[in-house]
Amino acid sequence: MGAREVGLPERVPASGLPPRVEIWEVGARDGLQNESSVVPVEVKLEFLDRLAGAGLRTLEATSFVHPKWVPQLADAEQLLAGLDRRDGVRYPVLVPNDRGLNRALDAGVDHIAIFASATETFAQRNLNSTFDDQFGMFEPVVTRARKEGLEVRGYLSMCFGDPWEGVVDVQQVVRAGKRLLDFGCSQLSLGDTIGVATTNQVTRLIEAFGDTADVSKLAVHFHDTYGQALANTEAALRAGVSTVDSSAGGLGGCPYAESATGNLATEDLVWLLEGLGVEHGVDLGKLVETSSWMAGQLGRPSPSRVVNALAG
């Protein structure tokens, strides 16, 4: 008899946690963009539909980055044209610049995300820009998107450590994040791009935003390189964050930072939330089935511990 059949995990609610967490599912974009081979658009569409069927309500669908840089997502227009949108489900897309916004508007999207860096070196390597100049690139994108009625999320990468620069100054992260919020981003996702954060770092950074940003506008995006993603997530929840990025099956990494491994697995996150008594709206069984199916499509086991424990 399996763990689920005997009522595990046990729900042991704790004080100081949000009653409900919004899961921002990034598997179809951040997960698949790191694959060595291109996944057929039909598989991506089924993946998104299965994720929606499991109860996930925010599915980051694709990216309008130039195909030269991320060939795995060169089919963005085709995917969005073929997407069977479910009621109550959001399908945001990532846009890197004004040209990407044009493509997104032509495709009829209503929610975009931009991707900035908290460090100089990663801005140069990932954005071909300086740390300061990146904001001049993003401000008109956010302004025009908001005028067009789009919601805009801001990603901020390298918030806890940079593979070239080492430790990242907390106030530098806060200043960068505040600029994105001041431009008009309705949400700011703080990224541990290479997975080096620990719990006290997470708490310190979120508290440092306290005087400049409403914590309800903050989200967290953890990679599990050193096995800290779940612990860091709980620290963020206790600091007041209620939106968590994750990737079904733990898919993903970062094509511009080789030390970045997979994202926090959505199944592992759901298991934690169930044990904490925090609502999330996801059917864990259907989610595990979806991630197992996707792992089969990719021809390898899922890195998610929960998927491997429950799928067999």
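**Strand order and helix packing**

Student: What is the order of the 9 strands in the open sheet?

Tutor: This is a predicted model, in which local features need pLDDT of at least 70 and side-chain atom pairs count only at pLDDT 80 or more, while totals for chains, interfaces and linings use all residues. Residues are numbered from 1 along each chain as its sequence is written, and side-chain values use heavy atoms, with hydrogens and water left out. Strands are DSSP runs of E of at least two residues and helices runs of H or I of at least four, numbered from the N terminus, and two strands pair if DSSP finds at least two bridges between them. The pairing in this open sheet of 9 strands is parallel, and the order is β2-β1-β9-β8-β7-β6-β5-β4-β3.

Student: Which residue in β2 is the bridge partner of W24?

Tutor: Strand β1, residues 22-25, pairs with β2 in the parallel sense over 2 bridges. For W24, the partner in β2 is T58.

Student: What angle does the direction of helix α10 make with that of β1?

Tutor: Helix α10, residues 266-276, packs on the sheet and touches both β1 and β9 (243-246), contact meaning heavy atoms within 4.5 Å. Axes are lines fitted to C-alpha atoms, for helices over the stretch in contact, and angles run from 0 to 180 degrees between N-to-C directions. The direction of α10 makes with that of β1 an angle of about 175°.

Student: How are α10 and α11 oriented, roughly parallel or roughly antiparallel?

Tutor: The axes of α10 and helix α11 (residues 284-298) come within 10 Å and cross at roughly 165°. Angles under 35 degrees count as roughly parallel, over 145 as roughly antiparallel, 65 to 115 as roughly perpendicular and the rest as oblique, so α10 is, relative to α11, roughly antiparallel.

Student: Is the crossing of α10 and α11 left-handed or right-handed?

Tutor: Among the residues that make the contact are V270 and W271 of α10, with L287 and V288 of α11. A crossing is left-handed if the near helix is turned anticlockwise from the far one by less than a right angle, and right-handed if clockwise. On that convention, the crossing of α10 and α11 is left-handed.

Student: How many charged residues are in the contact of α2 with α11?

Tutor: Helix α2 (residues 41-53) and α11 have axes that come within 9 Å and cross at roughly 165°, and they are therefore roughly antiparallel to each other. The contact includes F47 and R50 of α2, and W293 and M294 of α11. With Ala, Val, Leu, Ile, Met, Phe, Trp, Tyr, Cys and Pro counted as nonpolar, Asp, Glu, Lys and Arg as charged, and the others, Gly among them, as polar, the contact has 6 nonpolar and 3 polar residues, and the number of charged residues is 4.

Student: How many residues apart are F122 and W164?

Tutor: F122 and W164 form a stacked aromatic pair, 6.3 Å centre to centre with 25° between the planes; rings of Phe, Tyr and Trp (its six-membered ring) pair if their centres lie within 6.5 Å, and planes under 30 degrees apart count as stacked, over 60 as edge-to-face and the rest as tilted. F122 belongs to helix α5 (residues 120-127) and W164 to the loop between β6 (151-157) and α7 (170-183), and the number of residues apart is 42.
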